Structure formats: structure tokens, C-alpha cells
Amino acid sequence: MNHSRHLGPDPVGIHAAAEADHAAVIELTRDLVRIPSRAGIDPYEPIIGHLTAWLSSRRLAPAVLRDDTGAPVAVTAELVGQRPGPHWVLDACLDTAPFGDEDRWTHPPASGHLEDGWLWGRGSSDSKAAVAIFSHIAARLATVADRLYGRLTLLFDLDEHTGGFAGAKTFFEGPDAPGDVAGVMIGYPGLDHLIIGGRGVHRAQLHVHGVASHSGGSKTTPGAIAKAAHLVRELTDRPLPSATTEHFPLPPKLTVTAITGGQGYSITPDLCTLSIDIRTTPTFDDHAATELLTRAASDIDKEWPDTPATLLQNHLNWPPYALEPASPLRAALINAARVHGLWVRPKVAGPSNIGNYLAGLGIPATAGFGVTYQGLHATDERIRTDTIPTVQATYHTALEHLLAR
């Protein structure tokens, strides 16, 4: 690989370097797509072996993070400048969603097929193209490490699509956590916007109690499912505050996502569990979400006086966040994109992302600037290969700014 020695505001040289890397980035992306790494399904050792060999051959020293059981949860590599400065992280996931019905794919989901400017395959957009792009940027910056201030870490998570995020949690909170991360850039796809925030997530279960009896008996008892249905109507009918702000334009949202209860036909059920997903905002936070669920459950309990009280069990709380316009991370990426001809809009996302987890740790993060894609988590996932150089040049330019004095 022919690396540039230039470090500084040289967008022409940086874009030329990205164009020179274009074929190699496509090749590495295809290699990674051809190694299935479905979360909780495929063994991770094959993709770990391929990527660590690639990184090792480019003057980078990869390491494999493991959880308490010894299972691999992430691949990392660190580039250290010769002078002190901030610590930045490039993050992308190596694991993927399942294939779904493989017979419905135009090309096999692990084919890495190239056709008409598209690269097909599961994980091509989320997020193996980002892994390949970030790896090439780090390889180029490694040749000018003596001019860098601070350090750069590649973090490629192997537990993202399970929802466990063990790779990120091990890196940021484990016994060897760096503790000095200035910001994280997450390589989710999408060329027209930069995710600079997201609604938080508050997940809870309501265990709704009734009174068990024989469903055919002469005495009718209050069933938990009927009571739970009453509670569902109460939750969905309660208005949520609609107030938004200039920097956080989304309102909160409540969704009942699962109902479980009952055993067969002959028993009036005495327990029904509701799973609740609430997307929180700065004006409707975890405390407000808990209060809403508590009050709704209490109101229904009063209308069903012959039943035990409903139990609220919280499971996950990630805060909402939005980077301010003056955020160095936000400004560096948006300005770099403009240098390379893209007018990228900052956006607060409705769904949460790992940036919400990082916000809870006080670490700023961006997400969702990457290659153009279709079919994320769906049939015929694919990316536009001609968008790769601009994405690479944008991140490269932003990093040269962030790693300068």
C-alpha cells in the first residue's frame, strides 16, 4: 500500500489517498462479508483471524477483547502519536443480523457479490464496510504517527447485534478501560446525515396479577390477561408531552412490545407480563417514564381491587443525548464532509444507538455517517461502492483535524 506522508489540511491529497485505497477497501469488505458472523449464530474466530492478520500486516497491533468467560467480544487496534493529546475511537460492529430467508436473496447473503456498483451481502452496510474504511484510515495514519497529537483506537464490536454490547462495555468499563476517551465516531451507514444524538431508551416490564381459577368453574375470578388488556389501553391512551427543543426536535414515544401470559385453556391466568419500550427525551426522562408506568399501573390496580398489585421491573435505561453545535466531534465531521463536497445534515435519531450508552458514560459520540445502502437488516442488504472514497476521505480529514495540535 502506498501511504501518504502528509498530515494536515490537504483535502486533495486525502481524497486521492482514498481513491487509491478504493479497490483494497472493497476487497476487504468482500472478504469480511464472505465470512458469516451472525450474532449468536456463527463462530467469530474466522473473522477475527482474517481481520487481525490484515491489521498486523499494516503496522497495526490488533488485540482481541474477551469477556469474563473468555469469549471474544471485540477486536481493537491502537495508534499512538508521538505527542500527548486527546484519545479518539473509531467504532464499527463486526457481527451482523441473521440472514433471514436465504431463498429470497437475489445473491447469497455471504457472497460479497459485485454488480452495477453495488456490493451485496449481510453486514455490508452494518457495518463491515465501516470496518474496512476505518482500518485503511488507521493504516495511513500509522505512517505519520510521529506527527500526531494523542491516539486513535479502532474498536470493532462482536456483540452489537445481540443487544448485549459486550465489546463496547468491556472496552469502556472493563478492568483495562482507558478512561480518557474524548469522543467516539460510530460507522453506521447513511451518506446524507450525521447522527449527533438520539432518543433515550427506557425498557421495563409490568407484571400484572389476577386470580387463578378453573376457567369452566361456577365462580369467575379476575384474570390477569383481561386486567393487562385494560392496562394496555390505559398506557396507549395516556398523552405524552409533545414539547421539543431546537436541538432535540423529537417527542417521547411509548410502545407495548410484548404480552405474555396464560397456560392452556382450562386455567384463568393469574399473571400476564407486558414489555414496554419508552423512547425518552431531555424533557421526558427515565424518572418521568417510571412515574408514568407507576401511575398507570396504580390506577388500574384500583379498578381491579380483588387482584394483587402490579409489579414494575426496569430492565434498561439509556439517556437521550444530542451533541451541541460547538462539539469538536460534530464540527470536525460536518466540516470535513463539506470539504469533500457533501452537505451533511446533523440529525437526532428516533431509535437509540450505542451513542446513548456512551452518553451515559459522559463520552460524546456520532453515529450514522457512512456509505449509501439498502436493505439494512433486511433481504438483499447492499452498499454503493462508489460512495466509499468520500466517506473515507471525510473521516480521514476529520481525524487529521482532531489529532492535530
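The model is predicted: local features need pLDDT of at least 70, side-chain atom pairs count only at pLDDT 80 or more, and totals for chains, interfaces and linings use all residues. Residues are numbered from 1 along each chain as its sequence is written, and side-chain values use heavy atoms, leaving out hydrogens and water.

## Aromatic pairs

The structure holds five aromatic pairs (ring centres within 6.5 Å, using the six-membered ring of Trp; planes under 30 degrees apart are stacked, over 60 edge-to-face, the rest tilted). Phe165 and Trp318 make a tilted pair, because their ring planes stand at 55°, with the centres 5.2 Å apart. This pair links distant parts of the chain, 153 residues apart: Phe165 is in the loop between strand 6 (149–157) and helix 4 (166–173), and Trp318 is in strand 14 (residues 311–318). Helices (H or I, at least four residues) and strands (E, at least two) are DSSP runs numbered from the N terminus.

Phe165 counts as buried at 10% relative accessibility, and Trp318 counts as buried at 9%. Trp318 also pairs with Tyr357, with centres 5.9 Å apart and planes at 45°, so this pair is tilted. Here strand 14 is linked to helix 8 (residues 354–360), which holds Tyr357, 39 residues from Trp318.

A cluster is formed by Phe134, Phe369 and Tyr395.

## Charges over Trp118

Arg382 lies over the face of Trp118, 5.3 Å from the ring centre. The charged end of Arg384 sits over the ring of Trp118 at 5.2 Å from its centre (NZ of Lys or CZ of Arg within 6 Å of the ring centre and within 35 degrees of the ring normal).

Methods:
Buried means under 20% relative accessible area, exposed over 50%, partly exposed in between (1.4 Å probe, protein chains only).
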